[in-house]
Amino acid sequence: MATDLHRPVTTPAPSPAGEPEAAVRVEGLTRSFDGRAVIDGLDLTLAAGEFTALLGRSGCGKSTLLRVLAGLDREIAGTVLVPRRRSVAFQAPRLMPWKRVWRNVLLGLPGKPERALAEKALAEVGLTDRAGAWPKTLSGGEAQRASLARALVREPDLLLLDEPFGALDALTRIKAQQLVAELWQRRGCAVLLVTHDVDESLLLADRVLVMRDGGIAYDTAVGLDRPRGVGAPGFAELRSRLLSELGVEDGGSDGGAGRRQEVAVAAQPDA
Ligand SMILES: Nc1ncnc2c1ncn2[C@@H]1O[C@H](COP(=O)(O)OP(=O)(O)OP(=O)(O)O)[C@@H](O)[C@H]1O
């Protein structure tokens, strides 16, 4: 029988004894569009504080899964347990043009939050001086950082990121990746990052998932030392394996990804 048990919980989802604390528990999740199951009986557990990247070919259902976890899509069957404090940032920053940046950051928060709260989050993403600006005056990277500040102001236990760097130029993208890594390190929240970029997943995540045929087809721990670079030992092997899971030929480090050879994302959660 199909069930709709999207039940947000206030604390991280309970785990069976002996397993690490979970931020997300999904069991038998199915989401169909027009009779076609895009997500089909998917099971997934994300540990509290873990940085997970989600890869998969276009149209495999990554954004659909993220929207379900964000609580934006409840037309589901199965069980989804997520923390109540969760926030999401999309590829498009989705700022309201008629509200100044600080008001955008506070958008949707209950009560009458003070500007100082927005300024604190904006400081975390290096945008202190743009708090009073109009969104249209921001660069693409600044707008994306404002969107991140809006996600952070909710003090999430789970941060959902849907291709947040996809529209940024290469240099801005690297800086944004480093920022997300630093924020994750500082906040200690679980992160689920949807990306098309295998290198990005390996630079940032503890764990990489590949979605295929409505489920998680491949699930690997990254285990590389941080800070990371694409030239680090073990990186190329992981990249090859992931590309093969995605059905893409590995162009090697001289391929498109090679330009990020020098990138080292410094993110080391305090153990
Ligand atoms: N609201 C909707 N109505 C009908 N079909 C939908 C809807 N949302 C998603 N789909 C379909 O579900 C499938 C998965 O879409 P989804 O956006 O989750 O894929 P994705 O893996 O995020 O793709 P991409 O990497 O291209 O962003 C696609 O075939 C898409 O057309």
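Mean pLDDT, the predictor's confidence in each residue on a scale from 0 to 100, is 86 for the chain, and 85% of the residues score at least 70. Over residues 1–12 the pLDDT is below 50, and this stretch has 27 contacts in the model beyond near neighbours in sequence; two residues are in contact if their C-beta atoms, placed from the backbone, lie within 7 Å. Residues 254–271 also have pLDDT under 50, with 41 contacts beyond four places in sequence. Where pLDDT is low, the predicted coordinates should not be read in detail. For the complex, the predictor gives an ipTM of 0.98 and a pTM of 0.87.

The model is predicted: local features need pLDDT of at least 70, side-chain atom pairs count only at pLDDT 80 or more, and totals for chains, interfaces and linings use all residues. Residue numbers start from 1 along each chain as its sequence is written.

**Overall make-up**

The chain holds seven helices and 10 strands. These are DSSP runs, numbered from the N terminus, with helices (H or I) of at least four residues and strands (E) of at least two. Of the 271 residues in the chain, 41% are buried. A residue is buried if 20 or more other C-beta atoms, placed from the backbone, lie within 10 Å of its own, exposed if 12 or fewer do, and partly exposed in between. Among contacts between residues at least 6 apart in sequence, 71% join residues at least 24 apart.

An unreviewed UniProt entry places the feature "domain: ABC transporter" at residues 24–238; positions from UniProt are in the numbering used here, feature names are shortened, and annotations may be inferred rather than shown by experiment. In the model this span is 31% helix and 29% strand, and its end C-alpha atoms lie 25 Å apart.

Around the ligand are Phe33, Val38, Gly56, Ser58, Gly59, Cys60, Gly61, Lys62, Ser63 and Thr64. By class, the shell has three nonpolar residues, six polar and one charged. Here Ala, Val, Leu, Ile, Met, Phe, Trp, Tyr, Cys and Pro count as nonpolar, Asp, Glu, Lys and Arg as charged, and the others, Gly among them, as polar.

Helix H1 (residues 62–70) supplies three residues, the largest share of the shell. The buried residues in H1 include Lys62 and Thr64, along with Leu65, Leu66, Val68 and Leu69. Gly71 follows H1 and has a positive phi, near 85 degrees. Arg74 sits in the loop between H1 and strand E5 (77–83). Because 11 other C-beta atoms lie within 10 Å, Arg74 is exposed.

In helix H3 (residues 115–124), the buried residues are Ala118, Ala121 and Leu122. They cover an arc of only 100 degrees around the axis, so they are on the same side of H3; the arc is that of the directions from the helix axis to the C-beta atoms. An α-helix has 3.6 residues a turn, so residues three or four places apart point the same way. The buried residues of H3 pack against helix H2 (101–106) and helix H4 (140–152). Just after H3, Gly126 takes a positive phi of about 75 degrees.

Leu179 belongs to helix H5 (residues 170–187). Leu179 counts as partly exposed because it has 19 C-beta neighbours inside 10 Å. Apart from neighbours within four places in sequence, Leu179 is in contact with Val125 and Arg145. Leu179 and Leu203, 24 residues apart along the chain, have C-alpha atoms separated by 13 Å.

**Backbone exceptions**

Most residues other than glycine have a negative phi, and most peptide bonds are trans.

Arg226 and Pro227 are joined by a cis peptide bond, with omega about 0 degrees. Pro227 lies in the loop between strand E10 (215–221) and helix H7 (235–245).

Key: Near = placed C-beta within 6 Å.
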